[in-house]
Amino acid sequence: MTMDPVVQLKDIVVTYAAGPFKGGTGFDAVRKVSLDIGAGETVGLVGESGSGKTTLGRVCLGLLKPTRGAMLFGGEPFGSLRERRGQLSVVLQQPEWALNPRIRCGRSIEEPLLVLGRPASDRRDRVKAILDSVGLDSSFAERYPGQLSGGQRQRVAIARALITEPRFILFDEAVSALDVSVQAQVLNLILDLQQRHGFGALFISHDLAATRYVCRRIAVMYKGELVEVAPSERFYGTPEHPYSRNLLSAVA
Ligand SMILES: Nc1ncnc2c1ncn2[C@@H]1O[C@H](COP(=O)(O)OP(=O)(O)OP(=O)(O)O)[C@@H](O)[C@H]1O
């Protein structure tokens, strides 16, 4: 890795309490996972449904405290979410999950800055600049989410995620709900924004082509374990783990 790690996962274990259908003991959704994500780097996280990707993503965001192991942020213990406000963001599959339909887009984008107590003039300028960064003109600040296309809505959600200049962004199936042509635009946008803003990112996706497009390294999860972490060229060329080979042959 060329840059300092933003997120460092060290032997992370996440055990969910046993539910009524899962037997008497807890269930390990993540098993001893270690992974570094560098500043300016996007790591792809792939694996079948239920392999623990979102659980691991929630650990990276500090939303889920691991049962065992440690998460470092910028080389230091994570601390509390309150201390880390504005330093981490998430972009989800459905932009609607981040945008209130009754609130104008400009206000939704501005909200994380309000929470940080930034003055109104600063907030206005930042909203304008960030709309421009995501390829939308300033009139979009006045619109409601329902007046936008799916791709435009995802751009607004990305603007909201980026407004505080976070050091880390989790993209959890962020392009999966978009049409293929719009997907390509949003993937290019993510690449461009990362070059300009330098955030580290974890890109969770079922779409191996999209993952290949934006990720420098690929981490493969299988039944809660990371079975392979490889540079993209190696993963897509000569994957080492049999599960990785199965995953790739399924889409070949
Ligand atoms: N809050 C919870 N309580 C108990 N079990 C959970 C909880 N959240 C997730 N799980 C279980 O943990 C496992 C991993 O779930 P997770 O959502 O992390 O997988 P995933 O790889 O993101 O799946 P998908 O690709 O379908 O989103 C699954 O078996 C799931 O049923």
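Domain bounds are taken here from an automatic or database domain assignment. For the protein chain, this assignment gives domain 1 (1–80 + 168–252) and domain 2 (88–165), and the C-alpha centres of domain 1 and domain 2 lie 25 Å apart. The structure is a predicted model, in which local features need pLDDT of at least 70 and side-chain atom pairs count only at pLDDT 80 or more, whereas totals for chains, interfaces and linings use all residues. Residues are numbered from 1 along each chain as its sequence is written.

The contact between the domains, where two residues are in contact if their C-beta atoms, placed from the backbone, lie within 7 Å, takes 18 residues from domain 1 and 18 residues from domain 2. On the side of domain 1 that touches domain 2, strand E7 (168–172) and helix H5 (180–197) each supply at least two residues, helices (H or I, at least four residues) and strands (E, at least two) being DSSP runs numbered from the N terminus. The largest share of this side, six residues, comes from H5. By class, the side of domain 1 that touches domain 2 divides into twelve nonpolar, four polar and two charged residues, where Ala, Val, Leu, Ile, Met, Phe, Trp, Tyr, Cys and Pro count as nonpolar, Asp, Glu, Lys and Arg as charged, and the others, Gly among them, as polar.

A nonpolar core is a set of buried Ala, Val, Leu, Ile, Met, Phe, Trp, Tyr and Cys residues joined through C-beta atoms within 7 Å; a residue is buried if 20 or more other C-beta atoms lie within 10 Å of its own, exposed if 12 or fewer, and partly exposed in between. The largest such core has 66 residues, and those with the most contacts inside it are Leu45, Ala159, Ile169, Phe171, Leu202 and Phe203. Helix H4 (residues 150–162) gives the most to this core, with six residues, and the core draws at least three residues from each of domain 1 and domain 2. Leu45 touches, among others, Leu56, Leu202, Phe203 and Met221, residues up to four places away in sequence not being counted.

Around the ligand, the residues (C-beta atom, placed from the backbone, within 6 Å) include Tyr16, Phe27, Lys53, Thr54 and Thr55. Strand E2 (27–38) and helix H1 (53–60) each supply at least two residues of this shell, H1 giving the most, with three residues. The shell has three nonpolar, eight polar and one charged residues.
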